[in-house]
Amino acid sequence: MGNKAGRRCAGCRKESCNGCSLFNRIQNPKDREVIFPEDFVPDPRQGFGIAFDVGTTTLAALLFDLTDGHQLGALTGVNPGRFAGADVISRITYAAGSEENAKRLQGTLIRRLDEMAEALADGKEISRVTVAGNTAMCESLLGMSVEGLCRAPFHKDYQGCCSKKGEELGFSFLKAAEILVLPSIDGYVGADALSVYTWVKAMDGRKKILAVDIGTNGEVLLFGEDWDFACSAAAGPALEGAAVLQGMGAVEGAIRKVALTGRFPMQDLACQVIGGGEAKGICGSGLISALSQLVRIGVIDESGYIRNAKELRRMGVPVRICQRVREDGEAGERRILLSGEVLQKPVFLTASDIRQLQLAKGAIRAGIETLLQKAKIPAKELWRIYLTGSFGNSLSAEDVTGIGLLPEIEKEKITSVSSCAGMGAAMALLSGQVQRKMEEDAEKICHVELAGEPDFQERFLKEMNFKGNEVH
């Protein structure tokens with residue numbers, strides 16, 4: 001968008017310009033390398049190492065020179081376990097079905113991690129690996145039973161760091177490497193959440209801090225005045241671009257940001273697409289961004305209902321936006337056109353998509369409110385909220401508060417950081433002291449099982465709703 005001949009800038013509609021400030025910001029996101037605390041000192045050792053963040057949907061790998069802790073590369077991929085289900089509960093059910101199922105799930109994950117390591121290493125020999133993931137992913141990788149996660153009260157089946165030689169687990173490229181699976185906290189709150197906790201605690205260190213890891217198995221961490229709390233919210237894969245009709249990962253062709261452009265009454269929606277070409281689908285950050293804009297201007301009401309074009313015109317919604325609401329004659333479902341027209345493949349947001357996003361949003365927000373209540377901390381007293389996950393740095397404070405995913409606090413108190421879990425796993429890769437501290441913290445953090453909270457279901461149903469629209 002913006003400066004190509006024959007195309008108008010999506011922000012100001014001029015034929016030629018340097019790009020309006022809004023679209024400069026959303027068209028040129030900066031990828032962040034691993035950020036370590038200023039006082040972090042790696043243990044000097046020979047060779048090369050990899051820190052893995054194993055999500056239910058997304059895999060991430062970080063390569064380091066162990067002699068000085070210098071980052072050499074990064075790589076992301078898709079968790080191949082999706083054949084057993086898109087969410088963590090489906091994976092657990094599949095693995096618990098038979099020993100053969102469990103071995104197949106373990107084998108597919110190990111082969112994919114092996115392939116990623118070989119591609120990232122580029123001929124270097126890897127001697128050390130750390131793995132952070134939710135409890136189910138870690139136990140599956142280790143070839144352990146997931147019975148403790150099948151029924152309440154949910155519990156982990158391994159304690160502390162679990163060290164194995166790669167060949168013991170079935171790795172090929174990493175067969176000689178030490179594979180260190182990091183500690184889980186308990187229940188579904190795994191090593192990925194503990195890695196987020198480790199990084200945030202080292203970088204910030206204050207009380208009244210909230211960290212939210214958005215993913216298929218969303219984790220919430222609260223640094224309280226007397227106790228630190230953690231919970232897992234079964235958000236499902238919708239916020240990561242899955243479980244929606246045209247959802248996809250954050251790859252070329254995915255809508256990653258939606259903005260409102262122009263002046264009333266000629267306002268319209270404009271989409272930022274990864275790679276700058278034609279939109280093929282929409283990723284997690286794009287879904288949250290689109291939902292925020294559509295709720296704000298009144299296309300979607302508090303309950304998630306998509307208003308029809310006639311209703312929107314009566315409300316005074318700009319005509320171009322009204323024209324984006326379509327009735328699908330075949331499916332009988334109302335849809336919102338985000339990008340594309342007859343000559344292009346259109347990208348729509350459907351009523352079913354919105355429902356999936358509401359379920360995810362409601363689960364995470366209800367988890368946040370439960371921990372705040374446990375710690376007796378009003379949201380307005382929080383010093384900071386760290387928002388992380390595979391697309392953490394792509395989310396804006398306006399978008400996440402706009403849909404009610406986070407409490408309404410001052411926007412400057414919300415910090416988006418990509419993959420705190422990966423950075424915490426990297427700290428453990430490079431420091432034995434960090435590993436030992438993680439083992440201690442895993443036993444000290446107060447794990448809250450949301451399924452056992454008497455008010456959780458009521459809170460969850462309430463938090464599925466959006467706040468009121470600007471247009472009435």
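# A tour of the sheets, helices and loops

Start with the open sheet of 6 strands, whose order is β3-β2-β1-β4-β6-β5 and whose pairing is mixed. Keep in mind throughout that this is a predicted model. Select residues 70-78 and 162-165: these are β3 and β5, the edge strands, and each of them pairs on one side only. Turn the view to compare neighbouring strands of this sheet; on average they are turned by 20° against each other, direction ignored.

Next, select β4 (residues 126-133) and β6 (residues 178-181). The two strands run parallel and are joined by 4 bridges.

How many residues of α12 are buried? The count is 11 of the 11, so α12 is largely enclosed by the rest of the structure. Among these buried residues are Cys420, Gly422, Ala426, Ala428 and Leu430.

Two packed helices are described by the angle between their axes and the distance between the axes. For α6 and α12 the angle is about 80° and the axes are 7 Å apart. Angles of 65 to 115 degrees count as roughly perpendicular, and α6 and α12 are therefore roughly perpendicular to each other. To see the contact, show the side chains of Asp192, Ser195, Val196, Thr198, Trp199 and Ala202 on α6. On the α12 side, show Cys420, Ala421, Met423, Gly424, Ala425 and Met427. Sorted by class, this contact has 8 nonpolar, 3 polar and 1 charged residues.

**The sheet of 3 strands**

Move to the open sheet with the order β11-β10-β12, which has 3 strands and mixed pairing. Select 268-273 for β11 and 281-282 for β12. Both stand at the edges with a single partner strand each, so one side of each is left without a neighbour in the sheet.

Strand β10 covers residues 254-261, and β10 pairs with β12 in the parallel sense over 2 bridges. Pick Ile255 and look across to β12, where Ile282 stands opposite. Then show helix α7 (residues 284-297), which lies across β10, β11 and β12. The helix runs at about 25° to β10.

In the loop between β10 and β11, select Pro265. Most residues other than glycine have a negative phi, and most peptide bonds are trans. The bond that joins Phe264 and Pro265 is a cis peptide bond, with omega about 10°.

**Two cysteines**

Select Cys271 and Cys283. Are they buried or exposed? Cys271 has 6% relative accessibility and counts as buried. Cys283 is also buried, with a relative accessible area of 2%. A search of the whole structure finds 0 disulfides. Cys271 is in no disulfide, and the nearest cysteine sulfur, that of Cys283, is 11 Å away.

**Two residues with positive phi**

Go to the loop between α3 (99-121) and β4 and select Asp122. Asp122 is not a glycine, yet its phi is positive, at about 50°. With 62% relative accessibility, Asp122 counts as exposed.

The other stop is Lys208, in the loop between α6 and β7 (209-214). Phi of Lys208 is also positive, near 55°, in a residue other than glycine. Lys208 is buried, with a relative accessible area of 15%.

**Last stop: Ile214**

Follow the chain into strand β7 and select Ile214. At 2% relative accessibility, Ile214 counts as buried. Which residues is Ile214 in contact with, leaving aside its neighbours within four places in sequence? They are Leu239, Glu240, Ile364, Leu387, Thr388, Gly389, Ser390, Phe391, Leu395 and Leu405.

Ile214 and Leu429 are 215 residues apart along the chain, and their C-alpha atoms are separated by 23 Å.

Notes: Residues numbered from 1 in each chain as written. Predicted model: local features only at pLDDT ≥ 70, side-chain atom pairs only at ≥ 80, totals over all residues. Heavy atoms only, no water. Axes fitted to C-alpha atoms, helices over the stretch in contact; angles between N-to-C directions. Parallel < 35°, antiparallel > 145°, perpendicular 65-115°, else oblique. Contact = heavy atoms within 4.5 Å. Nonpolar A, V, L, I, M, F, W, Y, C, P; charged D, E, K, R; others polar. Pairing = 2+ DSSP bridges. Buried < 20%, exposed > 50% of the residue type's maximum accessible area, 1.4 Å probe, protein only. Disulfide = S-S within 2.5 Å.
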